[in-house]
Amino acid sequence: MTALLPATSSPAERFTSADPADFPTPDSSQEDWRFSPLTKLRGFFEPYPNAGTNTANVEAPHGVSATIVGRDHPLFGVAARPADKVAALAMANVEGVLLIEVDTEVKAERAVVVEVTGKPGENYGHVVVHASRFSDATVVFRHTGDTHVAANVEFVVDEGAALSVVTLQEWDADAIHLSAHSAVLGRDANFKHVNVTLGGSIVRLVPTVRFDAPGGRAELLGVSFAGDAQHFESRLFVDHSVPDCTSDVLYKNALIGDSARTVWIGDVRIRP
């Protein structure tokens, strides 16, 4: 049975679930999907076999580890709370999880670089980045190649930690990339998320920030350049659920060509 969703699209009633059956099939009447090119995304609305054609190569400095873990890892799902059917399907059907951990109090001497290379096929992906207490690190994701992928990326930023993330989309012309980025911040944690989209046919990113304790700070920056037949979409949600936290958001999009499309939606909930 499909659960009833809130009658309003207000962020105050944002619905989340890890069960894909709790979401209706996306259509243009739904706020989350009304600007998306749904006819090109139909294949993402039902589960599919993971082709396994994408690879991720990680270069990490001392004090940072990268391993493949299972869905039973305790950090899986700590930050991610799917807010749409595609994110829920990706979370339910992914197998291996890339776990990147920054050790306690480590100040990474250089950026962690994750080179994601796509090849034709339908894929699921899941990454968890854990910044341990009082650590400081930068993680750069670079996406290239030609693929169709639905993914979740989680950022768990512990007390006093500082994590900067750059996600760079330089996909080939036919690639489709749908991804939910979810961050949860501990006490006095700092999180910077930079989204740069230059390539791909359709790129839809949904960054979300949640505060778990006072003193957290989040900065979300983005830039995209869309050409003919490209659709780049960003939907942000920041949930201020505890006092004494701050967030800053700045996105800039440019279009070149009559069929170029960009979408930006930014919602912030300030609880009582």
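Buried means under 20% relative accessible area, exposed over 50%, and partly exposed in between, computed with a 1.4 Å probe on protein chains only. This is a predicted model, in which local features need pLDDT of at least 70, side-chain atom pairs count only at pLDDT 80 or more, and totals for chains, interfaces and linings use all residues. Residues are numbered from 1 along each chain as its sequence is written, and side-chain values use heavy atoms, with hydrogens and water left out.

**Stop 1: helix α1**

Select residues 85–93, which make up helix α1. Helices (H or I, at least four residues) and strands (E, at least two) are DSSP runs, numbered from the N terminus. Of the 9 residues of α1, 7 are buried, so the helix is mostly covered. The buried ones are K85, V86, A87, A88, L89, A90 and M91. They pack against β5, β7 and β9, where contact means heavy atoms within 4.5 Å.

**Stop 2**

Move to the second largest pocket, which holds about 520 Å³ of space. A pocket here is an open set of points on a 1 Å grid over the protein atoms alone, with protein on both sides within 12 Å along at least five of seven lines; lining residues have an atom within 4 Å of a point. Grid points are joined across faces, edges and corners, and the volume is the space filled by probe spheres set on the points.

To centre the view, select A56, Y124, G125, H126 and V127, the closest to the pocket centre of the 26 lining residues. Then colour β1 (55–59) and β4 (112–118), β5 (122–131), β6 (136–145), β7 (148–157) and β9 (176–185). Each of these six strands supplies at least two residues of the lining. Which strand gives the largest share of the lining? It is β5, with 5 residues. By residue type, the lining divides into 13 nonpolar, 12 polar and 1 charged. Ala, Val, Leu, Ile, Met, Phe, Trp, Tyr, Cys and Pro count as nonpolar, Asp, Glu, Lys and Arg as charged, and the others, Gly among them, as polar.

**Stop 3**

Select E122 in strand β5. E122 counts as partly exposed, at 33% relative accessibility. Not counting residues up to four places away in sequence, E122 touches Y48, P49, N50, A51 and H148.

Next take T144, in strand β6. T144 is buried at 17%. With neighbours within four places left aside, T144 is in contact with V116, T117, G118, E170 and W171.

**Stop 4: aromatic rings**

The structure holds 6 aromatic pairs. Rings of Phe, Tyr and Trp (its six-membered ring) pair if their centres lie within 6.5 Å; planes under 30 degrees apart count as stacked, over 60 as edge-to-face and the rest as tilted.

Select W33 and F45. Their ring centres are 5.6 Å apart and the planes stand at 70 degrees, so the pair is edge-to-face. Both residues lie in the segment before β1, 12 residues apart, and both are buried.

Now select Y251 and W264. Here the centres are 6.1 Å apart and the planes at 40 degrees, so this pair is tilted. Y251 belongs to strand β14 (residues 246–255) and W264 to strand β15 (residues 261–270), so the pair ties together parts 13 residues apart in sequence. Y251 is buried at 13%, while W264 is partly exposed at 38%. One aromatic cluster to show as well is formed by F44, Y48 and Y124.

**Stop 5: S36**

Go to S36, in the segment before β1. Is S36 buried or exposed? S36 is buried, with a relative accessible area of 10%. Its side chain and that of R204 are joined by a polar contact of 3.4 Å. A polar contact is a pair of N or O atoms within 3.5 Å; within protein, one must be able to donate a hydrogen and the other to accept it, and residues adjacent in sequence count only if both atoms are side-chain atoms. Beyond its neighbours within four places in sequence, S36 is in contact with L41, R204, H231 and E233.

**Stop 6: two backbone angles**

Most residues other than glycine have a negative phi. E105, in the loop between β3 (97–102) and β4, has a positive phi of about 65 degrees. E105 is exposed, at 56% relative accessibility. F134, in the loop between β5 and β6, has a positive phi of about 60 degrees. F134 is partly exposed, with a relative accessible area of 31%.

Notes. On a 1 Å grid over the protein atoms alone, a cavity is a set of points where a 1.4 Å probe fits but cannot get out, and a pocket is an open set with protein on both sides within 12 Å along at least five of seven lines; lining residues have an atom within 4 Å of a point.
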